[in-house]
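Here's a quick walk through a two-chain model, question by question. Have a look at the picture before reading on.

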Amino acid sequence: MTTTREAGEAILAIEAVTKRFGGLRAVDDASFAVERGSITALIGPNGAGKTTLLDLISGYDRPDSGAVRFEGRRIDGLAVHRVARRGVVRTFQLTRVFAAMSVRDNMLLAAQRHPGEGLHRLAFGRGSARRAEEAARERAERLMRGFALESKADDYAGALSGGQRKLLEFARALMTGPRLVLLDEPMAGVNRALGAKLLDEVERLRREEGMTFLFIEHDIDVVMRRADRVVVMAEGAVVADGPPAIVRRDPRVIDAYLGRKGDAA
Amino acid sequence: MSIFNVDFWIGVGVVSGIYGIFTLGLQLNVGFTGLINLGQVGFMSVGAYAMGMLVVDAGWPLALAFPAAILISIATGVLVGLPTLRLRADYFGIVTIAFSEIVRYVFQNAAFAGGNQGILGYDADWRVFQAWASGRLAAIGLGEVAQLPLLVAVWASLLLCLAALMALQSSPWGRVLKAIREDEDAAAALGKNVFAFKLQSLGLAAALATVAGFFLAMNVTYLYPSEFDPSFTFFGYAVLILGGFASYGGVVVGAVLLCALTEGLRFLELPLSSGQSGSLRFIIVGLILIGLSMFRPQGLFGGKAEMQLRA
């Protein structure tokens with residue numbers, strides 16, 4: 001089969017996933033799929049289980065039942081770093097940059113399969129480590145330029161503004177060369193212009209590199225304009241799943257989420 | 001004894017070199033990986049005892065027993081790390097200090113380790129080397145200073161370890177360690193096997209502790225359990241804090257300053273018993289640490305920004 005990269009195929013499948021915390025079902029029998037090359041939004045009121053679901057996908061937590069498949073293979077229960085190595089990278093609701101490291105080191109750290117990170121290679125294979133480092137530096141410089149971070153390259157990441165940290169975290173995620181990017185509220189704490197820039201970049205990466213995005217977002221306008229598919233969660237369950245135009249007219253969605261905000265069309 | 005006694009200061013040089021090597025391992029764990037290793041002395045005693053027993057009980061030459069002891073100590077580090085490195089930082093600290101105390105009590109009570117009598121007679125090979133080296137030094141007029149070969153060996157080792165650690169720290173490997181110190185969850189999200197890196201950091205620290213333990217054993221001529229009580233680790237922390245957080249060079253300077261200061265106190269003519277002046281040593285160390293934390297929390301050579309950004 002040569003159809004593995006064909007659009008419309010599910011790159012990520014959430015299959016009847018349940019996660020309980022004590023008596024609470026944080027995620028309750030949730031199922032949906034994310035198509036390869038899509039920008040899928042995950043929305044829902046606070047406490048709907050969105051971030052928990054992201055934790056279950058990225059390995060920070062494991063489901064009590066159900067399965068998470070990435071490119072057909074199960075990733076639920078894998079260690080966080082193994083999920084990342086498969087090509088799934090995430091960002092955090094509250095940005096997590098390595099504060100006491102330079103912006104450049106934050107970027108370089110995200111290079112994958114770097115032989116210089118192995119002690120044995122440092123002793124017996126310095127050539128390959130040096131070449132990998134050069135390649136990583138080039139890639140990092142390019143990405144930093146793309147996000148206007150190049151003038152900050154030598155600054156501590158902890159000295160960046162909130163918006164710049166968000167950009168750095170996103171650029172760093174891209175540095176890993178991911179196939180699926182999970183963004184937890186990429187617009188939170190960012191001014192609209194910067195947020196728009198970030199989402200322009202998301203659209204460009206999807207268009208030019210076929211990258212897939214799943215993002216949690218509260219701003220309904222952004223979701224409706226930017227996502228080609230919307231998954232709506234409420235109280236742990238998936239209550240709707242479809243194109244934005246259809247989802248926003250779904251009475252269950254209006255009831256569960258949009259109606260409460262009073263801004264449903 | 002005069003304050004200008006050469007043998008005395010050479011002895012101080014040896015001890016500060018030993019503390020330097022010991023604390024480089026602590027710095028690797030604490031300053032660069034964020035591992036609060038409070039059991040460093042346990043790795044030192046495992047290494048030193050392993051070396052002693054291989055020579056005395058198994059009849060190995062010292063030159064073979066020493067590298068074997070390093071491997072045994074690294075294996076111990078891995079063994080201690082496997083079940084504990086997933087613990088949160090403070091719990092890991094508690095477990096490591098428990099480990100070092102367990103080691104000490106075992107050596108104190110086990111027949112194979114000589115109990116309170118300890119281990120004696122492992123340093124014949126070293127004496128031969130030292131006699132030979134003294135002979136060579138006599139040719140340039142330095143034959144009178146008995147401990148000089150040990151001083152040179154300790155400091156050559158210290159500087160070698162220092163250079164190796166600084167090279168490692170500037171490598172991509174060192175970058176991952178630092179990221180783990182900053183935020184291990186975020187490092188894992190970027191595909192780093194945090195657990196494996198922590199194990200490597202702990203194993204290397206155990207190896208450094210063994211090198212320090214080797215020179216300690218050569219310096220004191222016999223091994224006994226109370227040499228390895230937790231205050232050794234805490235003195236190492238005092239060296240680390242004085243020298244500076246996340247600075248290997250600071251460790252070397254801190255070790256020299258602290259050892260010179262605490263040993264040099266002997267020259268003060270104080271109406272104290274030897275037990276009392278021994279306690280005074282710790283009072284002074286305590287006061288220095290309090291003063292540092294008030295006026296210069298990053299230590300002499302630590303990066304202030306690096307420390308504050310972490311908070």
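**Where the chains meet**

The contact takes 27 residues from chain A and 23 residues from chain B, two residues being in contact if their C-beta atoms, placed from the backbone, lie within 7 Å. This is a predicted model, in which local features need pLDDT of at least 70 and side-chain atom pairs count only at pLDDT 80 or more, while totals for chains, interfaces and linings use all residues. Residues are numbered from 1 along each chain as its sequence is written, with chains lettered from A and ligands numbered from 1 in the order in which they are written.

Q: Which helix of chain A gives the most to the side of chain A that touches chain B?
A: Helices (H or I, at least four residues) and strands (E, at least two) are DSSP runs, numbered from the N terminus. Elements that each supply at least two residues to this side include helix 3 (103–109), helix 5 (126–146) and strand 6 (88–90) of chain A. The top giver, with four residues, is helix 2 of chain A.

Q: How many of the 14 residues of helix 6 of chain A are buried?
A: Buried means that 20 or more other C-beta atoms lie within 10 Å of a residue's own, with C-beta atoms placed from the backbone. Among the buried ones are A:R165, A:F170 and A:M175, and the buried residues pack against strand 6, helix 3, helix 5, strand 7 (180–184) and helix 7 (192–209) of chain A. Helix 6 of chain A is mostly covered, and the buried count is twelve.

Q: Which residue just after helix 6 of chain A takes a positive phi?
A: Helix 6 of chain A covers residues 162–175. Just after this helix, a positive phi of about 65° turns up at A:G177.

Q: Which residue in strand 8 of chain A stands opposite A:V181?
A: Strand 7 of chain A and strand 8 (residues 212–216) of chain A pair in the parallel sense over five bridges. Opposite A:V181 stands A:F213.

Terms used. The expected span of a helix is 1.5 Å times one less than its number of residues. Two strands pair if DSSP finds at least two bridges between them.
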